[in-house]
Amino acid sequence: MKCYLCGSEKHFQREGKVRDNPNIKILECIECGLVFLDTQNTSEEYYQQGNMHNQQEVYKLTGRTDFINDMWIFNKARLDFCLNYIIGKDILDFGSGYAGFLIQAKEFAKSVTGVELEEQVAPVYEQYNIPLMRNLANNGGGGQNKNDVITAFHVIEHLQDPIEILQQLASLLKENGKMIIEVPNANDALLTIYHNKAFQEFTYWSPHLYLYNTHTLRKLGEKAGLKVEFVKGIQRYPLSNTLYWLAKGKPAGQKIWGNFLDNKILQESYEASLASVGATDTLIALFSKID
């Protein structure tokens, strides 16, 4: 099996299991470090029908759940990170889900638009008066509507051909437009430093076709013909979550131990330590269009 990024056929099987299909193998390219699944079972229909969110049982339009609260916090952090890029700008969020980021960004941007296949999200966009596109071809009938900034938060790892999609997205950017990409880190400390078995059997998931590290995410942007301004490691989950995985083999430690462990100073120090060795749980990249 050839590596999507570099074409090498040299790879090894990573420790761990795909949580919803243990028969799928988790492979890592020896040449470039791309982590990928040996079987790809998803399709546009999978996402249109809401299978991703239905499997997680995480969202209900009529009630506020822990998932919704968690996502609000994550989207607030994204907004804080992106704010200087989006103030007064035209924003397109690719794979925008239930519009969590756009709802918050709408206050600051000139305009916001979502791109989301999932059919059941439409009422949210109607409620907040946010334009919703079902696919990239809907963008003004052939890409006439250009954007200052395109965001994609935890979407690129789902794509079978991410280079092609990034190229399509780049065609929807204005001159000097920016693309902000956030993905899980294949070199998460729980995988590569602590080798936590419980996490290795939880984090891999069949819709996550590719997992990137700082090198492979940079390489992805370059192969798509984009200028890579930076790839930065960020830590979405605090130290309490890591310690809970190590002690109990379960997620959500921040909800149990966070009240006495987590604070801004500790979180920033923990993030900086992990970032120095490329082992944060999340990566964020800034790509620019090359005209």
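**A pocket, a glutamine, a helix and a cavity**

Hi everyone, let me start at the second largest pocket: helix H3 (66-86) and helix H12 (264-276) each supply at least two residues of its lining. This is a predicted model, so local features need pLDDT of at least 70 and side-chain atom pairs count only at pLDDT 80 or more, while totals for chains, interfaces and linings use all residues. Residues are numbered from 1 along each chain as its sequence is written, and side-chain values use heavy atoms, without hydrogens or water. Helices (H or I, at least four residues) and strands (E, at least two) are DSSP runs, numbered from the N terminus.

A pocket here is an open set of points on a 1 Å grid over the protein atoms alone, with protein on both sides within 12 Å along at least five of seven lines, and lining residues have an atom within 4 Å of a point. Our pocket has a volume of about 760 Å³, counted as the space filled by probe spheres set on points joined across faces, edges and corners. Its lining has 24 residues, and Ile73, Ala77, Gln235, Arg236 and Gln267 lie nearest the centre. H3 gives the most, with 9 residues.

Now, where does Gln235 sit? You'll find Gln235 in the loop between strand S10 (227-234) and helix H10 (239-248). Is Gln235 buried or exposed? Gln235 is buried, at a relative accessible area of 9%, where buried means under 20% (1.4 Å probe, protein chains only). Its side chain reaches the backbone oxygen of Tyr237 at 3.0 Å and the backbone nitrogen of Asp281 at 2.8 Å. Beyond its neighbours within four places in sequence, Gln235 is in contact (heavy atoms within 4.5 Å) with residues including Gln267, Tyr270, Glu271 and Leu274.

On to helix H6 (residues 162-170), where Pro162, Ile163, Ile165, Leu166, Leu169 and Ala170 are buried. Those residues are on the same side of H6 because they cover an arc of only 165 degrees around the axis, taken from the directions from the helix axis to the C-beta atoms. Among the elements covering them are strand S4 (90-94), strand S7 (147-153), helix H9 (214-223) and strand S11 (282-288).

Last stop, the cavity, meaning points where a 1.4 Å probe fits but cannot get out. How many cavities of 30 Å³ or more are there? The count is 1. The largest cavity holds about 40 Å³ of space. Strand S3 (35-37) provides the largest share of its lining, 3 residues, and the lining also includes Trp205, His208 and Tyr210. Thanks, everyone!

Methods:
Buried < 20%, exposed > 50% of the residue type's maximum accessible area, 1.4 Å probe, protein only. Polar contact = N/O pair within 3.5 Å; in protein donor to acceptor, adjacent residues only side chain to side chain.
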